[in-house]
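Please take a moment to look over the sequence and the 3D structure shown below, and keep both at hand while reading. The paragraphs that follow go from one part to another, with each residue named so that it can be found in the picture.

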Amino acid sequence: MRKIHVIGIGAGDPDQLTLQAVRALRSTDVFFVLDKGEVKSDLTRLRRDMLDTHIPDGGYRVVEARDPERDRRAGGAAYSPAVGDWRSARAGIYERLIAEELGADESGAFLVWGDPALYDSTLGILEEVLARGAVAFEYDVVPGISSVSALVARHRTGLNRVARPVQITTGRRLAEGFPEGVDDVVVMLDARQTFRQYAGQDVDIYWGAYIGTPDEILVSGPLAEAGPRIERLRAEARERKGWIMDTYLLRRNPRDA
């Protein structure tokens, strides 16, 4: 039976790999890497650097495939179908890779940024591949340090305050309003800098981009003051690298609760 490891590799810092992740790396015959193109080639390079560091003697294969494009213009009611189409396209690639590149008794691995359980599609896509019935395999999941955990660690703060909830959401959802009854909100996948909607409120922001990598940028403080600086740094970084991955925590102070 083929076996697949889904390995969380942290937010970018090679030191964030857990001992469990390193053991899984060393038991893998084939690593599957979806290439996102030249603009994000440094993400592929970071994965290869991790393999070189933790498996210096080699003995494994790396198989790359091009990640399918997602329709990022789709919004409103068209958003979920567009994501579904993209995931199905990915499932077709995963199915082919496992069937053609992984021997019957070999183990393969997908290296997932952060934690596979948090805003990542790999587990759902593997389930879709299994449901198609064309290829059989077992898989396990190795948790990783998410960008959320890394963000608050770098800012030396916690996710929540005493007896109060925290919510993790997306920029699309934050645009609909601050979650009811929640004053600590972690925002991921926000290409539109939705935090600007709340600049007039008494809100603090803890923001980070390229967390855990040599390009890491951190900004924190009252949103009214830190927001413009974040916008400027974000634009400069995106222009320089061609892409950006950022996460932030918004903390609303009690008098605006």
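In this predicted model, helix α3 covers residues 79-101, and its 23 residues reach 33 Å from the first C-alpha to the last, which is close to the 33 Å expected at 1.5 Å a residue. The buried residues of this helix are Ala82, Trp86, Arg90, Ala91, Ile93, Tyr94, Glu95, Leu97 and Ile98. What do the buried residues of α3 pack against? Their partners are the strands β1, β2 (30-35), β3 (61-66), β4 and β5, together with helix α4.

Those strands belong to an open sheet of 5 strands, whose order is β3-β2-β4-β1-β5 and whose pairing is parallel. The edge strands are β3 and β5, each of which pairs on one side only. From one strand to the next, the twist averages 25 degrees. Helix α1, residues 19-26, also packs on the sheet, where it touches β1, β2, β4 and β5, and its direction makes about 145 degrees with that of β1.

With strand β5 (residues 137-142), β1 pairs in the parallel sense over 6 bridges, and here Ile7 stands opposite Val142 of β5. With strand β4 (residues 107-112), β1 likewise pairs in the parallel sense over 6 bridges, and in this case Val6 stands opposite Phe110 of β4. Is β1 enclosed by the rest of the structure or open to the outside, and why? Because 6 of its 7 residues are buried, β1 is largely enclosed by the rest of the structure. Strand β4 is also joined to β2, by 3 bridges between strands that run parallel, and the bridge partner of Phe32 in β4 is Phe110.

Phe110 leads on to the aromatic rings. A search of the whole structure finds 7 aromatic pairs. One of them is formed by Tyr94 and Phe110, which are stacked, at 4.3 Å centre to centre and with 25 degrees between the planes. Since Tyr94 lies in helix α3 and Phe110 in strand β4, this pair ties together parts that are 16 residues apart in sequence. Both Tyr94 and Phe110 are buried, and ring pairs link Phe32, Tyr94 and Phe110 into a cluster. Another aromatic pair, that of Tyr210 and Trp243, is edge-to-face, at 5.2 Å centre to centre and with 90 degrees between the planes. This pair links distant parts of the chain, 33 residues apart, with Tyr210 in the loop between β8 and β9 and Trp243 in the loop between α7 and β10. Tyr210 is buried, with a relative accessible area of 3%, and Trp243, at 5% relative accessibility, counts as buried as well.

The nonpolar cores come next. The largest has 40 residues, and those with the most contacts inside it are Ile7, Leu25, Leu174, Ile205, Trp207, Tyr248 and Leu250. At least two residues of this core are supplied by each of α1, α2 (41-54), β4, β7, β8, β9 (217-222), α7 (223-241) and β10 (246-252). Which of the elements gives the most to this core? It is α7, with 5 residues. A second, separate core of 20 residues includes Val6, Leu34, Val112 and Phe137.

Tyr119, found in the loop between β4 and α4 (122-132), has a phi near 50 degrees, a positive value in a residue other than glycine. Gln193, found in the loop between β7 (184-188) and β8 (203-209), has a phi near 55 degrees, which is again a positive value in a residue other than glycine.

Conventions. Residues numbered from 1 in each chain as written. Predicted model: local features only at pLDDT ≥ 70, side-chain atom pairs only at ≥ 80, totals over all residues. Heavy atoms only, no water. Buried < 20%, exposed > 50% of the residue type's maximum accessible area, 1.4 Å probe, protein only. Helix = DSSP H or I, 4+ residues; strand = E, 2+ residues; numbered from the N terminus. Pairing = 2+ DSSP bridges. Expected span 1.5 Å × (residues − 1). Contact = heavy atoms within 4.5 Å. Axes fitted to C-alpha atoms, helices over the stretch in contact; angles between N-to-C directions. Core = buried A, V, L, I, M, F, W, Y, C linked by side-chain atoms within 4.5 Å. Phe/Tyr/Trp six-rings, centres within 6.5 Å; stacked < 30°, edge-to-face > 60°.
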